[in-house]
Amino acid sequence: MMLLKNRKSWHIAENQVTPERLYLSRRQIMQGFGLGLGAALAGPLFRAGAAYALPNFGIAKKTNYAGDEELNSYKDITSYNNFYEFGVEKSDPAKYAHALITDPWPVEVTGHAERTGTYSLEDLIDFNALEERIYRLRCVEAWSMVIPWVGVPLAGILKKFEPTSKAKFVRFETLANRAQMPGLRSRVLDWPYREGLRMDEAMHPLAFMAVGLYGKPLLGQNGAPMRLVVPWKYGFKSIKSIVSINFVENQPQTSWEMQNPSWYGFYSNVNPNVSRQRWSQGRERRIGDFFKRKTLMFNGYGDQVASLYAGMDLAKYF
Ligand SMILES: Nc1nc2c(c(=O)[nH]1)N[C@H]1C(S)=C(S)[C@@H](COP(=O)(O)O)O[C@H]1N2
Ligand SMILES: [Mo]
């Protein structure tokens, strides 16, 4: 019995269940179906960040996890980025990530799980159950933003594969395609970009897999078509454009840890009291603000996540 839905059967089911909210396939959405652009843009491949208005996703539920803090603008969020595969300047991802081809998007699932293999984005993400979550994103470079993500809880995706008791960690990798990603020519990091979470962190209800923001599909620069958002950790844990999910027994190495193990720990929980990095971590500048503000432990999500680290010395496990 197939647990994971294939694209075709799912379309039929959706049309039967909610005829009034006609489901558009992701490819149709990307190609501007319904905007009269379908014919002009029809092609075998979708390139992220094409210069036309992206239609809005249907969103089932909205939750604000940033209190009364103001949202950053769509422009800020899509033009001031870290995505080193496209270059190390903040403006590079917006300049070059339109070359990223995101459909089809096969994802390899490997390791300690009952179900492994190659899956499509539509196998992983239930596009009829998208949520909006407003989260703070705190970069280790001491700036932050407030972003209205669209996506699904990471736990729901991982559970589909039935990880076994041997799966203690989950490891993720980003696409590494030299033709599409000019930044790969630089050796600033060991490619592919890789990240990991302890299984209980990955299963925590705040851990999120985003496919959009501000109601629209992600642009390449933000990690299209699917990227992690782990709001209580530094931004670099929120790996973009994921092509591999691997259930492993031992704590995996991450790209930033390999680059500088004394600066970038595996846990990388936002912690104003630990500043091993180049930047002091006590304060941060919200993009758009002039004055800095205090950085909060766990980026303000301590009430929800602190219990994951009970008994751990967070200066040692940074
Ligand atoms: N593959 C990949 N993922 C990545 C990065 C990267 O360079 N490559 N940068 C990280 C860093 S340092 C941050 S702060 C966030 C930035 O996400 P945003 O550009 O969508 O705000 O993405 C993270 N994910
Ligand atoms: Mo970052």
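An oxygen atom of ligand 1 sits 2.8 Å from an N or O atom in the side chain of Asn81, and another polar pairing puts an oxygen atom of ligand 1 2.7 Å from a polar backbone atom of Tyr84. 

Before starting, note that this is a predicted model in which local features need pLDDT of at least 70, side-chain atom pairs count only at pLDDT 80 or more, and totals for chains, interfaces and linings use all residues. Residues are numbered from 1 along each chain as its sequence is written, chains are lettered from A and ligands numbered from 1 in the order written, and side-chain values use heavy atoms, without hydrogens or water.

**Exercise 1. Find the residues that come nearest to ligand 1, and a polar side-chain atom close to its nitrogen.**

Step 1. Take the residues near the ligand (a heavy atom within 4 Å of it). There are 15 of them, and Asn81, Tyr84, Glu85, Arg227 and Lys240 come nearest.

Step 2. Look for polar contacts (N or O atoms within 3.5 Å of each other). Glu85 has a polar side-chain atom 2.8 Å from a nitrogen atom of ligand 1.

**Exercise 2. Describe the lining of the largest pocket.**

Step 1. Set the rule. On a 1 Å grid over the protein atoms alone, a pocket is an open set of points with protein on both sides within 12 Å along at least five of seven lines, while a cavity is a set where a 1.4 Å probe fits but cannot get out; lining residues have an atom within 4 Å of a point. Volume is the space filled by probe spheres set on the points, which are joined across faces, edges and corners.

Step 2. Apply the rule. The largest pocket has a volume of about 530 Å³ and 31 lining residues, with Asn82, Phe83, Cys139, Tyr193 and Phe236 nearest its centre.

Step 3. Sort the lining. It divides into 19 nonpolar, 7 polar and 5 charged residues, where Ala, Val, Leu, Ile, Met, Phe, Trp, Tyr, Cys and Pro count as nonpolar, Asp, Glu, Lys and Arg as charged, and the others, Gly among them, as polar.

Step 4. Trace the elements, which are DSSP runs numbered from the N terminus (helices, H or I, at least four residues; strands, E, at least two). β7 (143-153) gives the largest share of this lining, 4 residues.

**Exercise 3. Which residues line the largest cavity?**

Step 1. The count comes to 3 cavities of 30 Å³ or more, and the largest has a volume of about 90 Å³.

Step 2. Its lining consists of Tyr234, Ser268, Asn269, Asn271, Val274, Gln277, Leu314, Tyr317 and Phe318.

Step 3. Zoom in on two of these. Ser268 lies in the loop between α9 and β14 (283-286) and has a positive phi near 50°. Leu314 lies in the segment after α10 (302-305), and its C-alpha atom is 9.4 Å from that of Ser268.

**Exercise 4. Where does pLDDT stay under 50?**

Step 1. Recall that pLDDT is the predictor's confidence in each residue, from 0 to 100. The chain's mean is 88, and 83% of its residues reach 70 or more.

Step 2. The value stays under 50 over residues 1-23 and over residues 31-44. Where pLDDT is low, the predicted coordinates should not be read in detail.

Technical notes: Contact means heavy atoms within 4.5 Å. A polar contact is a pair of N or O atoms within 3.5 Å; within protein, one must be able to donate a hydrogen and the other to accept it, and residues adjacent in sequence count only if both atoms are side-chain atoms.
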